[in-house]
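Hi everyone, thanks for coming. Let me put the structure up, and then I'll walk you through it.

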There are 2 protein chains.
Amino acid sequence: MKFCSACGAPTEVRVPTGDTRLRAVCTRCAVIHYVNPKMVLGTIPIWEDQVLLCRRAIEPRLGMWTLPAGFMEVGESTADGAMRETMEEAGARVRLGNLFSVFDIPHVDQVHMFYLAELCDLDFAAGPESLEVRLFREHEIPWHTIAFRTITATLRFYFHDRRAGLMSVHTGDIREIVLPHEPQTGLDRSS
Amino acid sequence: MKFCSACGAPTEVRVPTGDTRLRAVCTRCAVIHYVNPKMVLGTIPIWEDQVLLCRRAIEPRLGMWTLPAGFMEVGESTADGAMRETMEEAGARVRLGNLFSVFDIPHVDQVHMFYLAELCDLDFAAGPESLEVRLFREHEIPWHTIAFRTITATLRFYFHDRRAGLMSVHTGDIREIVLPHEPQTGLDRSS
């Protein structure tokens with residue numbers, strides 16, 4: 001924010017009167033330019049015992065797997081935004097369920113929110129920001145190539161809650177979240 | 001967003017390549033300026049059977065009652081922001097509980113989030129943005145002078161859940177939320 005978006009004059013960084021934080025303030029018209037964190041909205045699209053993931057066609061984390069999600073736009077609700085992103089990235093129509101996760105990522109000034117969702121049909125297809133889109137059973141999830149930690153956490157809590165038979169809402173700072181244990185597999189038990 | 005905040009040149013409103021929405025795009029450096037909704041964070045500060053409300057010293061809704069809340073700042077989590085606002089507006093230290101409400105207000109491009117909270121002590125005092133701060137029992141709540149609909153909804157759901165003995169997470173577009181019925185009072189029954 002080097003220039004004022006209202007009048008085009010240079011800004012200066014100072015603490016405005018009555019404030020406690022440094023802000024970009026216009027040197028001509030005195031408008032204060034606040035910067036706020038952004039929301040990222042997505043869904044956990046379910047079909048029977050499978051979840052729909054998208055492989056990213058864009059940076060960051062090009063080639064890695066994610067739940068369909070993206071930045072909230074003005075004029076929409078969080079639920080609307082989550083459904084819009086699911087259509088844009090995975091071409092998938094969903095019936096939206098409850099809010100499932102709200103994770104803070106303060107070091108990048110984002111909050112990620114995911115809603116439970118049921119796929120309406122199997123008519124999905126990769127959008128322009130996805131290389132491919134496919135359904136995964138829990139044991140097929142590519143855990144080592146998941147794009148973001150909020151996606152890993154949301155998926156781990158989802159499978160945990162599904163086994164427990166009770167979906168709850170999961171929140172917290174992503175740097176401090178304690179993930180549920182993975183279920184033991186034959187491989188784990190033998191090691 | 002009439003001028004580019006990166007270089008100071010005028011912007012034009014157009015749909016960028018690969019996008020579907022109108023954006024402010026710089027006519028000189030081509031930077032696209034995205035506008036995103038803002039988050040408002042607050043708490044429901046509880047002391048025994050009472051909740052702490054603040055009377056607003058600023059517009060909008062000057063003189064009306066609200067839960068302590070305000071815009072999320074960069075570099076903080078939603079929980080940190082909710083506690084910071086509670087200190088700034090009510091001078092109150094709280095032990096934060098679970099996330100309680102997440103309401104969309106798409107017509108003003110905001111999402112309001114409230115956390116349950118317990119007051120650590122009775123050492124609270126009006127901050128610069130509050131005229132007064134005080135505790136209310138349910139029957140004392142000034143329902144007709146509550147500043148915002150998300151505050152009314154959060155308080156109504158709080159008292160409803162407290163009576164039911166089970167706190168859950170409440171979400172949705174504030175224009176479509178169905179509030180729980182108020183408990184019957186002697187006055188209601190007689191009318």
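I'll begin with how to read the model, then go from the chains to single strands and a helix.

This is a predicted model, so to speak of local features we need pLDDT of at least 70, side-chain atom pairs count only at pLDDT 80 or more, and totals for chains, interfaces and linings use all residues. Residues are numbered from 1 along each chain as its sequence is written, while chains are lettered from A and ligands numbered from 1 in the order in which they are written.

Let's start with chain A. It is divided into domain 1, residues 1-35, and domain 2, residues 38-173; these bounds come from an automatic or database domain assignment. The C-alpha centres of the two domains lie 36 Å apart.

Next, how do the two chains relate? A rotation of 180° with 0.0 Å of shift along its axis puts chain B on chain A, with an RMSD of 0.0 Å. That is the relation of a two-fold axis. The superposition is by least squares on the C-alpha atoms of residues with pLDDT of at least 70 in both copies. Which residue of chain B comes closest to the rotation axis? That is B:Gly8, with its C-alpha at 2.3 Å.

Now the interface. 33 residues of chain B are in contact with 33 residues of chain A, where contact means that the C-beta atoms, placed from the backbone, lie within 7 Å. On the chain B side, strands E4 (38-47), E8 (94-105) and E11 (170-173) each supply at least two residues. Helices (H or I, at least four residues) and strands (E, at least two) are DSSP runs, numbered from the N terminus. The largest share of that side, 3 residues, comes from E8(B).

Let's stay with E4(B). Here 8 of the 10 residues are buried, so this strand is largely enclosed by the rest of the structure. Buried means that 20 or more other C-beta atoms, placed from the backbone, lie within 10 Å of the residue's own. What does E4(B) pair with? Two strands pair if DSSP finds at least two bridges between them. With strand E9 (110-119) of chain B, E4(B) pairs in the parallel sense over 9 bridges, and B:Met39 stands opposite B:Val111. With strand E7 (69-71) of chain B the sense is antiparallel, over 3 bridges, and B:Val40 faces B:Phe71 there. Strand E5 (50-56) of chain B also runs antiparallel to E4(B), joined by 2 bridges. E4(B) and E5(B) form a hairpin with 2 residues between them, and B:Glu48 in the turn has a positive phi of about 55°.

Back in chain A, there is an open sheet of 3 strands in the order E1-E2-E3, with antiparallel pairing. Its edge strands are E1 (11-14) and E3 (32-33), each pairing on one side only. E1(A) is joined to E2(A), residues 23-26, by 4 bridges, and A:Glu12 has A:Val25 as its bridge partner.

Finally, helix H2(A), residues 149-164. At 1.5 Å a residue, its 16 residues should span 22 Å, and its end C-alpha atoms are 22 Å apart, which agrees; the expected span is 1.5 Å times one less than the number of residues. Its buried residues include A:Ile151, A:Leu155 and A:Phe157. Among the elements that the buried residues of H2(A) pack against are strands E4 (38-47) and E9 (110-119) of chain A. After the helix comes A:Gly165, with a positive phi near 75°.

Conventions. Two residues are in contact if their C-beta atoms, placed from the backbone, lie within 7 Å. A residue is buried if 20 or more other C-beta atoms lie within 10 Å of its own, exposed if 12 or fewer, and partly exposed in between; C-beta atoms are placed from the backbone.
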